[in-house]
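Dear colleague,

I am handing over the structure we spoke of, with the sequence alongside. Please read the notes below with the coordinates open.

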Amino acid sequence: MSLNVYLVFNGNCREAVEFYAKVFDTETPQIMSFADSPPNPEYPLPEEAKNLVMHARLTINGSTVMFSDTFPGMPFTVGNNINLSIVSQSKDEITTYFHRLTEGGAVDMELQETFWSKCYGQVTDKFGIPWQLSYESEENKQ
């Protein structure tokens, strides 16, 4: 299991990821835009979201740092744009931590299957810290 930092940007994520990759001499970043995700007819993707970064990841000195842009219309505040992300190969761990973090906090996205994880959810804990929890099986490990 790992604890990762997740940085959120307001439309300039691609520029930030490329900058950090250069600064820290990392691998070429793999960047997934919102347009790269499977289409959902119930929630058509707005034109302004298509080129925004849905997810990117860099390894910086042995630590995983993940990145995304804020989806259009979602609140964005500089200084509050850092999330902590728990990634585990144990679905039970993810479920346990998720429910513990919701005590006194708020569920931002219920645990659910996504195209990148069989069990993913988002919580803001009672101290105002946003968390992303993701089950990563061997089949969906990137």
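Does Asp25 count as buried or exposed, and at what relative accessibility? Please keep in mind throughout that this is a predicted model. Asp25 counts as exposed, because its relative accessibility is 70% and the threshold for that class is over 50%. Most residues other than glycine have a negative phi, and Asp25 is not a glycine, although its phi is positive at about 50°. Across the chain from this position is Asn61, which is 36 residues away from Asp25 in sequence, with a separation of 9.5 Å between the two C-alpha atoms.

Next, the sheet. The model contains an open sheet of 8 strands with mixed pairing, in the order β2-β3-β4-β1-β5-β8-β7-β6. Its edges are formed by β2 and β6 (106-112), each of which pairs on one side only. Averaged over the sheet and with direction ignored, neighbouring strands are turned by 20° against each other. Strands of a sheet pair through backbone hydrogen bonds, either parallel or antiparallel, and the pairings that I followed here include both kinds, as set out below:

- β1 and β4 run parallel and are joined by 5 bridges; in this pairing, Leu7 has Phe67 of β4 as its bridge partner.
- β1 and β5 (residues 82-88) run antiparallel and are joined by 6 bridges, with Leu3 standing opposite Ile86 of β5.
- β2 and β3 run antiparallel and are joined by 4 bridges, and the bridge partner of Ser33 in β3 is Val53.

Helix α1 (residues 13-23) lies across β1 (2-9), β2, β3 and β4 (63-69), and runs at about 10° to β3. The buried residues of this helix are Cys13, Ala16, Val17 and Ala21. Seen down the axis of α1, these buried residues fall within an arc of 130°, so they line one face of the helix. That buried side is covered by elements that include β1, β2, β3 and β4, whereas the face of α1 turned away from it carries the exposed residues Glu15, Phe19 and Lys22.

The largest nonpolar core has 12 residues, namely Leu7, Phe9, Cys13, Ala16, Val17, Ala21, Val53, Ala56, Leu58, Ile60, Val65 and Phe67. The elements that contribute two or more residues to this core are β1, α1, β3 and β4. Ala56, one of the core residues, is in contact with Val17, Gln30, Ile31, Val65, Met66 and Phe67, once its neighbours within four places in sequence are left aside. There is also a second, separate core of 9 residues, and among its members are Ile94, Phe98, Cys119 and Val123.

Finally, the loop between β2 and β3, where I looked at two residues. Ser37 is found in this loop and counts as buried, because its relative accessibility is 18%, which falls under the 20% limit. The side chain of Ser37 reaches the backbone oxygen of Phe34 at 2.7 Å, and, not counting residues up to four places away in sequence, Ser37 touches Met54 and Phe115. Leu45 lies in the loop between β2 (30-33) and β3 (53-60) as well, but this residue is partly exposed, with a relative accessible area of 30%. Not counting residues up to four places away in sequence, Leu45 touches Phe34, Ala35, Lys50 and Phe71. Of these contacts, the one with Phe34 spans 11 residues in sequence, and the C-alpha atoms of Leu45 and Phe34 are 7.9 Å apart.

With best regards

Definitions and conventions:
Residues numbered from 1 in each chain as written. Predicted model: local features only at pLDDT ≥ 70, side-chain atom pairs only at ≥ 80, totals over all residues. Heavy atoms only, no water. Buried < 20%, exposed > 50% of the residue type's maximum accessible area, 1.4 Å probe, protein only. Contact = heavy atoms within 4.5 Å. Polar contact = N/O pair within 3.5 Å; in protein donor to acceptor, adjacent residues only side chain to side chain. Pairing = 2+ DSSP bridges. Axes fitted to C-alpha atoms, helices over the stretch in contact; angles between N-to-C directions. Core = buried A, V, L, I, M, F, W, Y, C linked by side-chain atoms within 4.5 Å. Arc of directions from axis to C-beta.
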